[in-house]
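Colleague: I have not looked at this one before. Can you take me through a few local features?

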Amino acid sequence: MPADDRSRSSVGRRHFLSVIGASAVATGLAGCTVRTTEDGVEVDFENDDGDSPAVETTGMPMQTTTRDDTPAPSNAPSNTTTSAAATPTSKPQQRMGGTLQLTSGTLTMLDPIAATDSSSMAVLENLFDGLTTFPNGETTAELQLATDVTISADGRTYTISLREGATFHDGSQVTASDVVYSWERLAASDNSRRAYYLLEYLNVAHGFTGGGYVPGSMAVRAVDDTTLRFRLAKPNFAALELLAHPAFAIVPEGIVGDIDGYVGRMSYQSFAESPIGSGPFVFEHWNKTEEVTVTRYDDYHGTAPDLDGIRWRVLTDSTAAYNYGQNRNADFVTVPDAEYDPRRVRIAQTDDSGRRFGEYGPMENGETVSYLSAPLAQTFYIGFNTNRVHKPVRVAMAYGLNQQWAVNRALNTRATPAAHLTPPPIYPHGGYQSHADSEYPYSYDAAELQAARRVMEDAGYGPSNRYQFTLTSYSSSVNKKIGQRLQDTLAAAHIDLRYEETHFSSLINRGYKGNVDAYFLGWVPDYPNPDNFLENLNPPATETDGSPEGFYLNWGGTAASQTAARAWQRVESSLEPTERARQNREAAYVTMEEANWEDVALLPLYHPIDERFAYDDVTVDPFGGLGSTYQEYNTVVKGE
């Protein structure tokens, strides 16, 4: 996209550039409309329409305190996944060394501002550090290159102290000027694919013209070598979790000359294919069709790796990746759906965040591996154009849908049934299951046919007055199984459901214009917080008038939609990083979920899971709700 295109700075994620295949663990691919395939998901990154000193914190993890001494989490409101949950890594006194052998899909770029695929993101996590990080793919951010954060009384000015002694892989010190340069690249470089993270989501104050971002106009400056200060256009309670995204990774000032004022010490192509960061591993080699390798960074500012290095073998065919693991060429085994047998899973423990620990096997090679699964901060759903599908029909479908059947039969148990749009890892107070079990008005583990039929008959429908509508999907074996099941189920409730498939781009364009009855889609968040999901459910944003900002629902004109709209207004009026504002937001999130239950504008289907199948000579921390893509491997021990 041209550098002066307005969408790069203010609405960049709302314009499609490409659809890129990914595995079911594609959690590095944020802010995307997603679609299931037989072996995982496909994700569109620059997606059309989403459907998108008063406080001080010191050390790790982050804890903020307001000037009136009110404790205030500065990131995700639910904090439902913690790295202390199970099987923490215990490192030996003597370094074991060795190379962690992994498999990977195709990598596209190793420039943090340009990479958008999960395979590249997994490598970037180990090469680069940011001011904050999501440790082990948890949904709660912690400080990384930052050591303290002070926030002004109005919640807009952030003063950040940087870790002294942190160095890049070329030996130079990490300074505040490097941060300013890295952010300017993110905002102004022609190579950036994530400018909206900085200018729209974080919302750093900046100049804007009809041509887009005004280069050099951001309110961010280096006070000295170890102090950074920036000013937001309005308060943002999620600022520190946004900064944990790999797009905000810090690179050496002037390393490339793709923004005004810099000639560059490396060509852009050289940097994008052999980057210099400050992470626990140093780039060594990349052959795009074969492998990428990194080595241990001895001078890492944090816990230096026990490993000598990591090698990702590029294998785009799932069967080839499976066979590679069966031959013990990989330490973590890829198990595609065609080879996966849920009867071989034996669970020994489930923690409070829904992660399951156990064993899988015996596999084809006769071996049994350790097993971990974690529910991801992602949601797949059926959306309704409420102008075209009457409420009794939507409610009848909610009664007729059995999400647990979809998980067991269409997804081979490799997901969790959904009752909310907000996924379990980021649901307020960690209360996803208790709220669903006590308040969900339908059943997500059974089809309630009598209730579905009663709703339709109360609305005047019957054997001689049946209701017809179409459920549209992109090509997906998963969605086809669910759609056909709904066809059979709803026929007994006087509904003739037609299931159709079309090209993904056609589905998006039709939804954008309001030319679908109902449709399958999913959402991967830009950052792990309920508001990034529920902003798409805000009724005014769902109007398909040619420029919807949310999901394609046309949800309005009802008491429940008005309740949801008022709840979203409460969210937008509670953006400060304070405890009171957090409580207001969380109450509003729950209100929006329940309002959607009332009108069934959107019907949650399932939340994907990420899984790890690891041979027993590798000790690795469990990952959280963002999945293994966000995991650094400096604490991995191999060969015990």
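Predicted model: local features only at pLDDT ≥ 70, side-chain atom pairs only at ≥ 80, totals over all residues.

Colleague: Which peptide bond is cis?

Modeller: The one from G361 to P362, with omega near 0 degrees. P362 sits in the loop between β19 (356-360) and β20 (369-375). Helices (H or I, at least four residues) and strands (E, at least two) are DSSP runs, numbered from the N terminus.

Colleague: What is the phi of H429?

Modeller: About 65 degrees, so positive, although H429 is not a glycine. H429 belongs to the loop between β22 (415-417) and α9 (432-439).

Colleague: Is H429 buried or exposed?

Modeller: H429 counts as exposed because its relative accessibility is 61%. Buried means under 20% relative accessible area, exposed over 50%, and partly exposed in between (1.4 Å probe, protein chains only).

Colleague: And N554, buried or exposed?

Modeller: N554 counts as buried, at 11% relative accessibility. N554 has a positive phi of about 50 degrees and is not a glycine. Its loop runs between α13 (530-534) and α14 (559-572).

Colleague: Now the sheet. What is the strand order?

Modeller: The order is β6-β17-β16-β15, in an open sheet of four strands with mixed pairing. Its edge strands, β6 (99-104) and β15 (281-287), each pair on one side only. Two strands pair if DSSP finds at least two bridges between them.

Colleague: How many bridges join β16 and β17?

Modeller: Five, in the antiparallel sense, between β16 (residues 291-296) and β17 (residues 309-314). T295 stands opposite G309 in β17.

Notes
Residues numbered from 1 in each chain as written. Heavy atoms only, no water.
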